[in-house]
Amino acid sequence: MTTQVQGVKRSGSNIPWGKTLAWIGLALLLIITLFPFWWMVRTALTGPQSLFRDTGSLLPVDPTLIHFRRVLGLVDTETAVAMGGSGQSINFGRALMNSIIVTAVVVFFQVLSCAMAAYAFARLRFPGRELIFGLYIAALMVPAIVTTIPNFILVRQFKLLNTYAGIVAPTLLMTPFAVFFLRQFFLGVNREVEEAARIDGASIWTSFIRVVVPITMPALTTLAIVTMINTWNNYLWPLIVGSDERVRVLTVALGIFRTQTPQGAPDWTGLMAGTTLAIIPTFIIFMLLGRKILDSIQFTGFK
Amino acid sequence: MTASSQLPTGTALPAPPAPGRRRLITEESVTALFFILPSLLGFILFYAMPALRGVWISMTDWDLLTDASFIGLQNYSRLFQDAEFWNALKVTLYYVVLNIPLQTILAVVIAVLMSRLTKSMLVRGLIILPWLLPPVVVGLLWLWLLDPNIGIVNVALKSLGLPMIAFLGLPQYAMPTIAMINIWQYVGYTALLIFAGLQSIPGSVYEAASIDGASENQMFWRITIPLLRPVLVFVLVTSVIGSFQIFDTIAITTKGGPINATKVMNWYIYEQAFTRYNMGYSTTISIILFAILVFISLAQMRLMRAGESDM
């Protein structure tokens, strides 16, 4: 709404000053927001001897890619120790792979399963519909920690600790938010096209897959982004059920890496190389789908 | 598209009746069952059963190793004598008070700045960047920036002739520092929610006020804030709920220390469950946390008359 902005502008008396100040404020905000990212990359690229010497240099001193190579386990132990790391292999490549596997599986199944459920709640008539949906909504309000401990016990009983299955289980088939969000969207979609398909003899399933899913792709994509970010960023659950190195995801690997203080202090260059790697996928998603993420913020209050 | 019209309403709209399809109802029910079955399975296994089981576990002394025995409400009465629990509650409330007012005020300021200065997608994109990151990464990043010896913040303080500060190492600074870190992560996102709310206020309202001679200050307090109320309620309720559950940042930076200064409810629950194996007692605390959140959310909505709009 441009009229609002113009209306406000006209009424001010000391515009130039106010406006300059406002721009300075915004610039400051952007610097405070972005500087830590630069410092992370700068540290990850700083040569091992220079980290303690040139603590204030804005650019990496003796720039090197060695820290990325050693957190990916690409250099031998002696070199890694010489570069400020611990002798233990830090297999970040593995953790990256685990994060990708877990996130991809959760996103695919959660979106499919919740789209089906949301469609049934929005379109189909069946006994118990309001009751079941009401229960889902009630679950929306329960804080995660309440179900975390019983879920841990359940996963332990099924002998699924330290397996991919255990890590993905609680969010694989549904989150109350996902069902709720998609149902709201389906309610707003025109029924005519799918009804035409039904009249032409398509089954409910066929019309769902061939008509409903393509039409509602924007909402499904939004949910996929939300689920992807939440799964990628999740820490507590994978920490308690999957800290074993074979299935350890990135956030858990970073947490363990942080507690290692190989030479008396945390391995900062290695840690910053690790965090840089950990957020590259987030950045790629952000570059590709930034506009979509911004739009979705207007109608999802997730996290 | 306004933010408020898209907020969850929680009402279930009945599907319009489909005349002439009466005979298909059973077939439709069977199909519907097939459609909701996967989600229902997930719901029963990982939401409904754990919730009920949690209530049961909270009435036992289970330690994971030996069999659980029923001890009634002992865990609940234990809470009252547990100084650590009261400390955790106090520390959590302190965090919420440090976090929410400052974050919300900053977010409103940023949202107003943006709506006056620029509609740039780039600017909006950049300010939500921290929110997309794993809190674990954000915690690590600030742990490094604030390192007492060679972190850039202290290096900068030193070069200005100021004393260096162990931000996360001193009890009096640790919680404000954690609050600052989380404001850094979430203020941009909150600002964007409010920005979306600002866009939905019709410009004509401001024009009319301006013709009537209202000052900018008056317009902000008499128009912007009242019309933003539904969005502000949403932002406050969700961010307060989120703040009460802070875990990741603390797990990475201070682990509840120094001297319990950052031992919030979720960290205490985690510690009771996974380092002391008191499954019963930790579950009890989590149920109390849930009760507190329900109470606070209802109180907030009531106080702020959430359902009404001033439009």
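The secondary structure of chain A comes to 15 helices and 0 strands, where helices (H or I, at least four residues) and strands (E, at least two) are DSSP runs numbered from the N terminus. This is a predicted model, in which local features need pLDDT of at least 70 and side-chain atom pairs count only at pLDDT 80 or more, whereas totals for chains, interfaces and linings use all residues. Residues are numbered from 1 along each chain as its sequence is written, while chains are lettered from A and ligands numbered from 1 in the order in which they are written.

## Exercise 1: The two chains

Task: Describe the secondary structure of chain B, and state what share of each chain counts as buried.

Solution. Next comes burial, for which a residue is buried if 20 or more other C-beta atoms, placed from the backbone, lie within 10 Å of its own, exposed if 12 or fewer do, and partly exposed in between. By this rule 43% of the 303 residues of chain A count as buried, and for the 311 residues of chain B the share is 41%. Finally, take contacts, which join two residues whose C-beta atoms, placed from the backbone, lie within 7 Å. Among the contacts of chain A with a separation of 6 or more, 69% are between residues 24 or more positions apart, and for chain B the corresponding share is 71%.

## Exercise 2: Where the chains meet

Task: Find how many residues of each chain are in contact with the other, and which helix of chain B gives the most to its side.

Solution. Counting from both sides, 91 residues of chain B are in contact with 88 residues of chain A. On the side of chain B, helix α1 (residues 25-57) gives the most, with 22 residues. To sort that side by class, Ala, Val, Leu, Ile, Met, Phe, Trp, Tyr, Cys and Pro count as nonpolar, Asp, Glu, Lys and Arg as charged, and the others, Gly among them, as polar; the result is 62 nonpolar, 22 polar and 7 charged residues.

## Exercise 3: A pair of helices

Task: Work out how helix α3 and helix α9 of chain B pass each other.

Solution. Axes are lines fitted to C-alpha atoms, for helices over the stretch in contact, and angles run from 0 to 180 degrees between N-to-C directions. On this basis, the axes of α3 (residues 83-117) and α9 (residues 216-244) of chain B come within 9 Å and cross at roughly 145 degrees. The residues that meet include B:Tyr95 and B:Asn99 in α3(B), and B:Leu236 and B:Val240 in α9(B). By class, this contact has 7 nonpolar, 6 polar and no charged residues.

## Exercise 4: A residue inside a helix

Task: Locate B:Gly188, and explain why it counts as buried or exposed.

Solution. B:Gly188 belongs to helix α7 (residues 171-199) of chain B. B:Gly188 counts as buried because 26 other C-beta atoms lie within 10 Å. Leaving out residues up to four places away in sequence, B:Gly188 touches A:Thr33, B:Ile127, B:Ile128, B:Pro130 and B:Trp131. From B:Gly188 to B:Pro130, 58 residues apart in sequence, the C-alpha to C-alpha distance is 7.8 Å.
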